[in-house]
Every structure is written in C-alpha cells, then in structure tokens.
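Hi,

Here is the structure I promised to pass on.

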Number of protein chains: 2
Amino acid sequence: MMRSIENFRTFIQSYIPLSDEEWEAICSDFKLRSFEKDDLIVEQGKICRHFYFFEEGLIRVFYNIDGNDITKSFAIPPYCFTSKISFRNQVPSEESIQALENTVVWRINYEQYRKLEKIETWNRFMHKLINEIQEFTEKRMLESKIYTAEQNYELLLKRYPAQLMQKIPLKHLASFLGVAPQSLSRIRNKLHTNRS
Amino acid sequence: MMRSIENFRTFIQSYIPLSDEEWEAICSDFKLRSFEKDDLIVEQGKICRHFYFFEEGLIRVFYNIDGNDITKSFAIPPYCFTSKISFRNQVPSEESIQALENTVVWRINYEQYRKLEKIETWNRFMHKLINEIQEFTEKRMLESKIYTAEQNYELLLKRYPAQLMQKIPLKHLASFLGVAPQSLSRIRNKLHTNRS
C-alpha cells in the first residue's frame, strides 16, 4: 500500500489554517516508518530522537518502576507523539512507548524539528496541540481521582473503539486503571452480565 | 506597601529573554488585585474572565462534584494561573480557585489577553509555561498512581515550604491525596513519631 503524508496535513488543518507553502515547509523532512506489534518505539533510559505523526495502529506509554510495568496512557491515530521531556532536552527518556498493533508513523529527528520551530504556523499548531494534551491530562487526572476503577474502565470503553479495546492486553488495561488483572476481569464480567 | 509588577518581569525572564520594549507592551494592562483568605478568585459555573500573575499568597484549585469538594492542586507564587478552558473559550468554569491565604495577583481580562497573543515573545513564554505545566501534571498523575497516600504526602512536604503546608486545612490536603481526613491524621502522626 502506497502511503501519503496527506493525513498529517488534514490533522494540522483541524487545528489551524495552512497554506500550500507552509505545508511544503512543514512536511518536507518527515519520513515514513513502520513498527510491528510489541516493538518499542521509544525505550526508557534511551534518548528519544524523533517527533512522530501517528498515522495508523495503537500505542501505549508506560514506565517500569522497580520492575513493575505501569501503563500511563494509550493513544490512537491520528495524533502526534514523542517522549516530550526526553526529546526536547535530548536526555534519556523516563518512559517507553510501545506499538500494541502494527503501527505506521511519519517522523523527523531533533535537528529537523528545530527547523520546524522557525515556522510560525507550526508553533501555533503545537501550542494548540499542547493545550489540548494538557486539558486531557488534567481531565484524566480528575477522573482517576474521583471515579472507581469500574467507572474509569467504562470511560475507556466510551473513548476508544471497541475493536481497539479488544487488542489491549488485560494486564496493560489493569495497570492503567491501577488495579490487579483479576479485579479487572471481575469488572469486565460484571459489565458483561449487566449488559446481556 | 507599594507593589510593583517587576516580579512578573523577573518571572518571565526566568523562561525567556525580554527587551524593555517587549516588557512595556506585555505589562501595560495588568492591574493589581487582592483577595482575602477563603475568597473565591474563580467560581465553578461562572466564566473565568481573567488571566493572573500570582505574586503572593496561597491558592487551591478544586471541584465540587455531587456535593463533594475535591482539591485538584495547590499553587504558590510566583506563577501564572487562570481557569484555562473557561478563560480560553469564555465558557463557565468547571473548577473553582480559592485563596487559602491573603493573596495578591496582577490580572488582565480576556480582551487584553488577546492583545498579548499578538506579541511573539509572549507566545514563546506561554508555550514554555504550558510545557512546564503539562510535564508537572503528568508527573503528578504518575505519582498519584504509583505512590501511597503517605508517600504522596511526603512529596508535598518536600515540594512546598513548611509554613505554607501548615496553612492548608487538613480536609483540603486529604481530598487532594484522595483519603479521608482521619487517614491523613494517622499519616501525619506516624511521620511525626518517626521523625521525633
């Protein structure tokens, strides 16, 4: 299948207007890259060297803390991602990003990203994107505080397509929700019973 | 006491360089305002009409959900704050911001803020500030997920000056940590016993 980066243009234009010239300047360095299921796109302890437009697949962000694998978030395309602190400062990443499905991205390296930062339109796009991510992170923080694991699981079911949810291993969903896998099994069984 | 907005200049300059001309353009509309202990600076359900530079005092951000008062965060000066979603879109706020101590701010209204957004230096400052807030929010989210209430309380003790911590009512600390006030009392007693 022939891929085109036009999806990225459509994504940016859902935030800001974009002229042909601006788009050409933005897209010129992005390169296509594929990852297989379970590949690590970013690895904890190594420097994250790329900024990604996420075209297809499913990813999760996680930490390994004292041997425990803790899922911070899941993401579905289209979106942009990187390991922000690591990428911005070119220091080792405190998190890993893993493909949970065959995943297709367009990426640029740090030097190429620095060139983008000279484009005013790009900065306005990134500003809007970071605002959105910040609002979503705050929302998630509140939800995880005030809702039970069961309610948070139901929110996930609403937020992500069912066929993607089925592809996330139970243990990752459980560590995201902060419960043991057995507890999540009980929650799932309960919800399933209530609905059938 | 005569107040000067120079602290705001120092604050911005800790993020980006600032010429005299840029500073004059940025600061011209900011007005001084004081709040007394317990005053609501932003009220849930009402539109947040200002952007604030926080010069002195102590604030907390909280939600009232089904009659329960849940503390989202505390903040100490110098910093900037607003109820972001409400302010940006001029829609009713989903959160309240309260002064926990006599609090001094410099503020501008929405129309004045829109003028600031035409200043390139201001946008670069805000971009850095939002990045910082985003990183801190993610960090807090991880901490609240992986640490016990006791460990999270110890983090608070490290992060905020002791004399400010003493001014935060127990019930607000407890709702921030997601525990009952009685549990927090036990944690405090235990830490106190261990240290004495």
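Below is what turned up, starting with the ground rules.

This is a predicted model, so local features need pLDDT of at least 70 and side-chain atom pairs count only at pLDDT 80 or more, while totals for chains, interfaces and linings use all residues. Residues are numbered from 1 along each chain as its sequence is written, chains are lettered from A and ligands numbered from 1 in the order in which they are written, and side-chain values use heavy atoms, with hydrogens and water left out.

**The interface**

25 residues of chain B are in contact with 25 residues of chain A (contact means heavy atoms within 4.5 Å). About 2600 Å² is buried between the two chains, with carbon and sulfur atoms giving 60% of that (buried area is the accessible area, 1.4 Å probe, that two parts lose on being put together, summed over both). Q134(B), M141(B) and K145(B) supply 22% of what chain B buries against chain A, more than any other three residues.

The rule finds six salt bridges across the interface, a salt bridge being a side-chain nitrogen of Lys or Arg within 4 Å of a carboxyl oxygen of Asp or Glu. One of them joins E138(A) and K72(B), at 2.4 Å from N to O. Helix 5 of chain B gives the most to the side of chain B that touches chain A, with 15 residues (helices are DSSP runs of H or I, at least four residues, and strands are runs of E, at least two, numbered from the N terminus).

**Other salt bridges**

Over all chains the structure holds 32 salt bridges. K115(A) and D29(A) meet at 3.1 Å, N to O; that pair links distant parts of the chain, 86 residues apart. E120(A) and R124(A) pair at 4.0 Å, and both lie in helix 5 of chain A, about one turn of the helix apart. There is also a network of salt bridges linking K72(A), K84(A), E95(A) and E138(B).

**Strand 7 of chain B**

This strand (residues 96-99) is covered on both faces: S96(B) and Q98(B) on one side and I97(B) and A99(B) on the other are all buried (under 20% relative accessible area, with exposed over 50% and partly exposed in between; 1.4 Å probe, protein chains only). Strand 7 pairs in the antiparallel sense with strand 2 over two bridges, and also with strand 4 over four bridges (two strands pair if DSSP finds at least two bridges between them). L40(B) stands opposite Q98(B), and V61(B) opposite I97(B).

Cheers
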